[in-house]
Amino acid sequence: MVPKGRLLLIGGAEDKGENKVPIAAHNKQFVHLEILKELVSEKSLDDRIEVITTATGFPMEIRAIYEKAFSKVGYTNVGFLDIHTIADTKNTEYLDRVNKADTIMFCGGDQFKIATIIGGSPISDAIYRRYKNDPKFTVAGTSAGAMVMSKLMIQSGGTNEALIDYDLRISSGLGLIEECIIDTHFIRRGRFGRLAHAVISNSNQLGIGLGEDTALLIRKGRKAQCLGSGMVVIIDARHIEQTNVSDVEKGDPIYVDNLRVHLLVRNCEFNIHTCKLSYSHLKPIEDE
């Protein structure tokens, strides 16, 4: 089933209107608050946005930061769902708010907390159902909140210079997108190796590496539009010709031949199913 809703995957450190984005001074395509302005599909400033703070240990601080940023955008209808236990996911008030929201946004922190607390819960089921069926519904996530959107999720590890077998932990995410593994803060934190390792070990998956203040807006589960001031790296392991990943022993490094990489910047579109990239100086139009 082709999902009717939108996914907004944000690489973290998105511009919040405070001129703290390092690349802004150098990239002439920088657009102030560009990513946060995409949280609602119809550009209606009073659409309901609910921010889920499960991933963070500092929900009040996150609330203050986003209240200030959303005020600069002009949003007037924002709530925060402090879901931090499995019992919270069964709260009927929270579930009602999810069902009435126009946009659900997961903040950053620890993606494993989101997956273990919200995964498989009534809250998760409601988000999944609305994403699949409601063309006016958006699911957004920044940093850990983006990483948890996939079916297979990087839990931890993968930080060595070489790709070392057994160094990377993969677990289950929320499953809103099934054919991609997502990593964030990708350029600044040097995470190419761990995302490459993840897709080499799961070659039916594309790797999406999101730079800071950069996002992919995905429509119909396949059409991805790059936003923001940085870069998105797509890693494709489906054409590998040589690798030792299937027979290395614990602690051995992994090699690979013919790993494909695509680099996306603002105004690039990428079809996740066909792996075709296109670029336009004009903002891409909505799907028919």
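Two residues are in contact here when heavy atoms of one lie within 4.5 Å of heavy atoms of the other. This is a predicted model, so to speak of local features we need pLDDT of at least 70, and side-chain atom pairs count only at pLDDT 80 or more, while totals for chains, interfaces and linings use all residues. Residues are numbered from 1 along each chain as its sequence is written, and side-chain values use heavy atoms, with hydrogens and water left out.

**Exercise 1. Work through the salt bridges: how many does a search of the whole structure find, and which parts does the R97 pair tie together?**

Step 1: Start with the idea. Side chains of opposite charge can pair when their charged atoms come close.

Step 2: Count. The search of the whole structure turns up 15 salt bridges.

Step 3: Take R97, which pairs with E50, the closest N and O atoms being 2.9 Å apart. R97 lies in helix α2 (residues 92–100) and E50 in strand β2 (residues 49–52), so this pair ties together parts that are 47 residues apart in sequence. Both R97 and E50 are buried.

Step 4: Now try D134 and R130, whose side chains meet in a salt bridge at 2.8 Å, N to O. D134 is partly exposed, at 21% relative accessible area, whereas R130 is buried at 13%.

Step 5: Move on to E269, which forms a salt bridge with K223; their closest N and O atoms are 3.8 Å apart. That pair links distant parts of the chain, with E269 in strand β16 (residues 268–271) and K223 in strand β11 (residues 223–228), 46 residues apart. Both ends are buried: E269 has a relative accessible area of 14% and K223 has 18%.

**Exercise 2. Decide whether N244, D236 and T274 are buried or partly exposed.**

Step 1: N244 is in the loop between β13 (242–243) and β14 (256–257). N244 counts as buried, at 12% relative accessibility. Not counting residues up to four places away in sequence, N244 touches P253, I254 and Y255.

Step 2: D236 belongs to strand β12, residues 232–236. With 2% relative accessibility, D236 counts as buried. Apart from residues up to four places away in sequence, D236 touches L206, L259, R260 and C275.

Step 3: T274 lies in the loop between β16 and β17 (276–279), and at 44% relative accessibility T274 counts as partly exposed.

**Exercise 3. What is the volume of the largest cavity, and which residues line that cavity?**

Step 1: Settle the term. On a 1 Å grid over the protein atoms alone, a cavity is a set of points where a 1.4 Å probe fits but cannot get out, and lining residues have an atom within 4 Å of a point. Grid points are joined across faces, edges and corners, and a volume is the space filled by probe spheres set on the points.

Step 2: Read off the volume. The largest cavity comes to about 30 Å³.

Step 3: Name the lining. F106, I118, S124, I127, L174 and L176 line the largest cavity.

Definitions and conventions
Salt bridge = Lys/Arg side-chain N within 4 Å of Asp/Glu carboxyl O. Helix = DSSP H or I, 4+ residues; strand = E, 2+ residues; numbered from the N terminus. Buried < 20%, exposed > 50% of the residue type's maximum accessible area, 1.4 Å probe, protein only. 1 Å grid on protein atoms, 1.4 Å probe; cavity = no way out; pocket = protein on both sides within 12 Å on 5 of 7 lines; lining within 4 Å.
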